[in-house]
Amino acid sequence: MTSTTRYTDRSAARRTLRREVPSTAAVLADERDFAAMRRYRTFPFDDHHSYLQQMETLLRTLTAEGVLTTLSLFDPAAYEEYCADHDLDPDHPDSRTRYTAELACTGPTLTYAGEPLTQLLPLLVEEADRRATWNQASALLARAGHCEDCGTDLGHAAFARATDALQQLLDALGNGTHHLVCSIPAGDPPLLAVLHTTAGDSGRPQLSESETLIFCTVLAAGLALRTPGGIVARTMTAGPTDTGDPTNTGGAADTTDAALRSTVRGWSLRDAWPCPLTEAEVFTAYCTDADTGEPIAPEHGVDYAPGLALTPPPDEHRHR
C-alpha cells in the first residue's frame with residue numbers, strides 16, 4: 001500500500017469518526033446579549049446580524065458533513081456566574097467552550113437539522129422560558145414544607161390537587177380546541193404556564209407532556225402558596241355565525257354557515273382550589289385595559305361564559 005493510499009484511508013476514517021462525534025453550539029439570540037459579550041477582548045464579533053449569518057453557515061456546514069449538532073442559548077449573565085463558580089477567566093475562548101459544553105448537558109436544547117436560525121431561535125427562547133418557569137415553580141413547591149400534624153409533603157399534595165383540577169377542567173370543557181393559561185403572582189415576572197389541547201368524540205384530549213407538567217407545577221405552586229392567581233380557558237368550537245342578513249328578521253344566527261367561535265371562561269384560586277368566575281367577572285377581566293382600568297370593546301366572535309364548577313378532593317391539608 002502506498003503512502004498516498006494510507007493517507008487517503010486515514011482521512012476517510014477521520015471523516016467517518018467526525019460524523020460520530022456530536023457538536024454543540026450556543027447562540028446569542030438577541031442584540032442585548034450580543035452587546036454584553038462584546039466587552040470581552042477575545043470575543044471576535046462586532047455585528048449581531050453578521051454573527052448570526054456566520055453561525056448559521058457553520059451549522060449548515062456541520063450538518064452537510066453528517067455531524068449532529070445541538071443548539072442552545074448563550075446567556076452572558078449565566079456565563080459570568082459559571083466562570084466565577086469554576087474560577088475561569090470569562091475573557092478566554094476556552095471558558096466559552098466549557099460553558100457551551102455544560103449547556104448541552106443541563107440547559108434547554110434543540111437539534112439542528114438545517115433550519116434557518118430565524119425559525120429556530122424563537123422556539124429555543126420559548127423552551128428556555130418554559131424551563132425557567134418549571135424551575136421556579138418547582139423551587140416554590142420544594143419550600144412548601146411538611147404538614148406539622150402528619151408530616152405530609154405539602155408540595156406533593158398540592159401537585160396531586162393540581163393534577164386532579166386539570167383533569168376535571170378538561171373533562172368539563174369537553175370537545176373543542178382549548179387554550180389554557182395559568183398565572184400565579186409569585187415573583188417578578190409572575191409564573192405563567194400555557195397548555196394547548198384538542199378533544200373530540202374519538203378519545204382523550206391530546207396533551208403535550210412537557211406543557212402538562214409545567215402547567216400542573218405552576219398551578220400546584222399557586223395552590224400551595226394560596227396566592228390570588230387564576231386560570232383562563234379559551235375554547236374554539238364550530239358554531240353558527242351571524243351573517244348580518246337583513247332578511248333574517250327574526251334576529252337569529254344564520255346556521256347555514258359555520259365558523260369557529262371562542263368561549264372564554266375563568267377560575268380564581270381560593271382556598272387552595274380553582275373556583276369559577278361568573279360571566280360578569282370574566283367579561284370584566286377581558287374587557288378592561290390592564291394599564292388604565294378603562295373598559296375596552298369585547299372581541300368579535302367571543303362568548304364570555306361562567307367558569308365550570310370543579311369538585312375539590314377530600315384533602316385535609318387544603319384548609320391548613
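## Helix packing and aromatic contacts

Helix α4 (residues 76-85) and helix α5 (residues 93-106) pack at an angle of about 105°, their axes lying 10 Å apart. Because angles of 65 to 115 degrees count as roughly perpendicular, α4 is roughly perpendicular to α5. Contact (heavy atoms within 4.5 Å) involves Ala78, Tyr79, Tyr82 and Cys83 of α4 together with Ser95, Arg96, Arg98, Tyr99 and Glu102 of α5. The model is predicted: local features need pLDDT of at least 70, side-chain atom pairs count only at pLDDT 80 or more, and totals for chains, interfaces and linings use all residues. Residues are numbered from 1 along each chain as its sequence is written, and side-chain values use heavy atoms, with hydrogens and water left out.

The structure holds 12 aromatic pairs, where ring centres of Phe, Tyr and Trp (its six-membered ring) lie within 6.5 Å. Tyr40, Phe74, Tyr79, Tyr82 and Tyr99 form one aromatic cluster. Two of its residues are tabulated as buried (under 20% relative accessible area, 1.4 Å probe, protein chains only).

| Residue | Relative accessible area |
|---|---|
| Phe74 | 6% |
| Tyr79 | 0% |

In helix α8 (residues 209-225), 12 of the 17 residues are buried, including Ile214, Phe215, Val218 and Leu219. Arg226, which follows α8, has a positive phi near 55°.

Definitions and conventions
Buried < 20%, exposed > 50% of the residue type's maximum accessible area, 1.4 Å probe, protein only. Helix = DSSP H or I, 4+ residues; strand = E, 2+ residues; numbered from the N terminus. Axes fitted to C-alpha atoms, helices over the stretch in contact; angles between N-to-C directions. Parallel < 35°, antiparallel > 145°, perpendicular 65-115°, else oblique. Phe/Tyr/Trp six-rings, centres within 6.5 Å; stacked < 30°, edge-to-face > 60°.
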